[in-house]
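Hi everyone, thanks for making time for this. I'd like to walk you through a structure, so let me put it up on the screen.

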Amino acid sequence: MGILRIQRLLWVIAISIQALKFRVQSLQCPYPPPAEKPVGDFVQLTDRFWAYDSDSKQWKRLELPFDLLSCINGSCIKVGAIEDKNRSPYDHNLIVHQEEAPDDENLNLNPHLPLRTRTSLRGISESSVWITGESGSIYERFWNGIQWVIAPHDLPASAGYAISVFAVNETFMALSEAGVLYQLTVDANAQPLWVETGPSFPSTSSIDNSDEDSNRNVRLRSGIPSADGTLLYFATEDGSLVELSELHPVKWINHGRPRGGDVAAIVDAGTLRSEVIFTVSTIGELYEFDTKSRPSWKKHIWGKSSTENISLAPSRGCTLHSLVGASSASLFLLSKDGLLLERQLFQRKWKWFMHTTPKDVSFSALGPTFINETFGTKTFSIFLTTKTGLAYEYQLPKLSGAARGNGISEKWINHGQPQDAKVARSIPGVLVQAGRILFALDDGRLGELHLSGIGGEDVGPYLHNMLRRKALASYEWSIIDAPESEGGNAGYCTEAHGPSNCIEGVRDALDQDDATDFGISSKIRRRKGRIYQSHSTGHKTQNHALQSEINETFLTINNIGTLFRIRAMQPDRSFFLVTDSGMIFEHLYNENLWLWLKHDHSSPIRGVLGVYNGSLFVVDDYGHLFIRERDSSGLIWVNCSAMEGGRQVALGPPWDAVHGQDRKPTKEDALFFVSRSGSLLQFTVALRKFVWQDCGQPQNTQVAFILDQELLRYNVVFVVGKDGRLYQYNRVSRSWYEHDQTPHLVLSSLPGVVVRPSFMSMSGSLFMRSEDGGLVEFHWHTMDGWRWTVHGIPEKDVKLSTAPGPSFEGNQLFVIGSNGQVYSRYLDGKKWKWKGFGSPLPEILNLFPSEDASDIHNREWKSHSDYKGDIKDFPYNNQLSSTPEATSGSQHIYFIDIDCDEKVAPVRPVPFSRDSVLFMLRDGRLGELRKTEDGDWKWIRIINTPTSHCRSSYVTASTS
């Protein structure tokens, strides 16, 4: 979908390129960290270690500290060290600004957030920021003159996931997770096109060309543009430094690696010193590369006693000029322990400084930085993020010609985190404007930290003289929603004339998203908080005593057998049915004949939990998940719970797709289940690469049921907890979120159903059953956000007997009443209305209006359309009875009743096609409700089932 949209956004790209020429110059660190793989931190719990001496053939205790070396062909590199626990880790010759050192024993009191290896931010101009999401998509947040809009720029599917974007020489570049660089160009039809740019090298271009194949096929790990925006530098997977020096034609240069080290990350590219590249090695050592010096690589060493204590993190650094004088330059770095370090060049001398950090704080990313000017004084501000999801600001006063020492008034400010969200770990923020910093959040959204009044979703780029008036204002957080690719609610910009236009917004036009918002249109307005309203045209549940004399047999709504009993396999041709005894049958249309096929299984089947790509997923009495599929030898059963990491399951997704809006299979496809312990389980099924993953559960509760899987929101699974509250799981960020809900609204532990007009619009609703038996709606409105609507009950004293659904055409859904009747909740213009369809009997009665109801009770017809002809020609069952007799010159219909009941049972119905629904009747048979050519829904047949208690025989006899 993103590549289709990108064809409409050529002008957006052109505007962004032009904005590069006029970007406000500011001191910042906009570069994201490399795709660091999450690894567990080594925790030393003892100081007693031994090494085996091969000469004496004895174990000898080590004297600490002890260096750990990696030696290859006689060349040894230090890869770590075992410390002396009785020695202070801060006993070295660094210059410390303050006396108090951080207490690292409590650094891990709060759990560290996971690494988001695909997420990055890139500031292009004051009106454009490009983002790579954790899903691997690329999108741009762009100010169109009226509002902020989202424009997609995804790589082609064959390129895989994107992990970062760059802008160099007015050209956009993207780095894929596979280590390949792509360039955004224009094809012969003037359409945007991503083209692979390498890297590739001739064997003679490498400094170390001993391995010719590795030089020609190099995988990039991370990159950074040069300070002047004309070059790109990359760290490769094999630890080399490479440069993209020209685009037309493409020219790559391999600068190799430092002797005895490698390149894990590029810290700075020409900002601290012109044409000098600073890098960090895997073991945390700092190097600089300068093509004009000999040798080209130089190592920055520590004091003698500090080499075994400080190891730099492979992440980007920040630079500040003139911090302690006009000729000074400072490079700020992070250690692997999350400490803030400074490498300062002053009066041609290098010095190391360690800045004392707040207690119990471990930083994960640096940037951005800018200069505050208040009442004639200048202060440098560095923004940092922690491993636990907080944002800090470090303020340093500008000094004039004085060396840094004691008595300096540095200041730490804790800006915390947005409400109900945490700042993503190891991802630097970007400076949109002075006083406006954009951060990636751990749940996939964006957080803007801004001065009060000059930021947020509804505020565009401000005039710079506004900042002086806001100098004393405090910072506050605003949350910016992400697009659906990240599991968010933000819609993409459109070509339509209006405020969401991709090029230029028009204030007076109606919001195009609202135009499809179930007929509700509204002008641009600020998004409000959660809205609760009653929208029931029937009887409100709370005003009436609900029916209590219903057979309890049909109210066991929490039984899996009533919720996953029927599942359609092929529209209008095949569906599966699970019986009370655990047998599974398939009703198949083959060569103009409907057949019942039994699928034998070694254990009783409890329910059909899903259908994917022609395979059926079922669960047995023991909670084992099985696939029914066909191979070269015929139909087979595959035990998924017996696979590696397999789990027992209790429940599954309610629907396979919205009919008429089926999505194409992707390499991310998965089915979600609920374990017996109440956790959400993800079972990846794409490309038959089956993988189990435990997604956990919401805080303080277990998962009771899956309400929806990725129909209302792609990459989001909505669930109801055992506390009756609504939660969602974002499969991209792997995070849980609880939605606002009034205390008196308690949801039933049942599936929901989605009503969504189009996947191109974010508008849509999730309908659920409340604990008091009414219908409730959780609806996304473009301007108002999420809001609740109570639809109540279809008739007085009639509540919903099972889960709502299915839905059709984005404007109606079906429910089953406690009276055994079927109802529809449909949208008529802007108003929701109820309509009753009864049970199959009344519709069949309409075929024979002249006969008494008792004469045709409990017939089973095979017709798929209303019968209009003579009664003798009406299709009937060919099961003969011994009791009927033909009467000469007349026509009679005979029948036998045994335990027949046409009322609809509280078994969750399923769609059989785009215009057909299957309902289970109380006597075990099935009734089909189908949409006719005139747009109305009518009962067309009752289907006998192999285990139905109703046995009816009919015969027609006539004389000539």
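Let's start at alanine 704, which is buried, with a relative accessible area of 10%. Before going further, please keep in mind that this is a predicted model. Alanine 704 is found in strand β47. Which residues does it touch, if we leave aside its neighbours within four places in sequence? Its contacts are Leu651, Val720, Gly721, Lys722 and Ser749. There is also leucine 680, 24 residues away in sequence, with a C-alpha to C-alpha distance of 9.6 Å from alanine 704.

Now some background on the protein. The chain has 960 residues, and 56% of them are buried. You'll find 7 helices and 64 strands in it. If we take contacts between residues at least 6 apart in sequence, 54% of them join residues at least 24 apart.

Back to strand β47 and its sheet. Four strands make up this open sheet, in the order β47-β48-β49-β50, with antiparallel pairing. Which strands are at the edges? Those are β47 and β50, residues 735-738, and each pairs on one side only. On average, neighbouring strands here are turned by 30° against each other, direction ignored. As a reminder, strands of a sheet pair through backbone hydrogen bonds.

Look at the β49 and β50 end for a moment. Strand β49 covers residues 726-730, and its antiparallel pairing with β50 runs over 4 bridges. Within that pairing, glutamine 728 stands opposite tyrosine 737 of β50.

Let's look at strand β45, residues 680-684. Leucine 681 stands opposite aspartate 694 in β46. How many residues lie between β45 and β46 in their hairpin? There are 6, and leucine 687 in that turn has a positive phi of about 60°.

Next, the aromatics. Across the whole structure, a search finds 37 aromatic pairs. Take phenylalanine 166 and phenylalanine 234: their ring centres are 5.5 Å apart and their planes are at 85°, so this pair is edge-to-face. The two come from distant parts of the chain, with phenylalanine 166 in strand β10, residues 162-168, and phenylalanine 234 in strand β15, residues 232-236, 68 residues apart. Buried or exposed? Phenylalanine 166 counts as buried at 1% relative accessibility, and phenylalanine 234 is buried at 0%.

Then compare phenylalanine 564 and phenylalanine 705. Why do we call this pair stacked? The ring centres are 6.1 Å apart and the planes are at 5°, so the pair is stacked, given that planes under 30 degrees apart count as stacked. This pair also links distant parts of the chain, 141 residues apart: phenylalanine 564 is in the loop between α6 and β35, and phenylalanine 705 is in strand β47, where we began. Phenylalanine 564 is buried at 0% relative accessibility, and phenylalanine 705 is buried too, at 2%.

Some aromatics also gather into a group: Phe575, Phe585, Tyr589, Trp594, Trp596 and Phe912 form one cluster. And there are charges over rings. Lysine 667 lies over the face of tyrosine 161, 4.7 Å from the ring centre, while arginine 908 lies over the face of tryptophan 655, at 4.6 Å.

One last stop, at another alanine. Alanine 657 sits in the loop between β43 and β44. Its relative accessible area is 25%, so alanine 657 is partly exposed. Its C-alpha atom is separated by 9.7 Å from that of valine 754, which is 97 residues away along the chain.

That's my tour, and I'm happy to take questions!

Technical notes: Residues numbered from 1 in each chain as written. Predicted model: local features only at pLDDT ≥ 70, side-chain atom pairs only at ≥ 80, totals over all residues. Heavy atoms only, no water. Phe/Tyr/Trp six-rings, centres within 6.5 Å; stacked < 30°, edge-to-face > 60°. Buried < 20%, exposed > 50% of the residue type's maximum accessible area, 1.4 Å probe, protein only. Lys NZ or Arg CZ within 6 Å of the ring centre and 35° of its normal. Pairing = 2+ DSSP bridges. Axes fitted to C-alpha atoms, helices over the stretch in contact; angles between N-to-C directions. Contact = heavy atoms within 4.5 Å.
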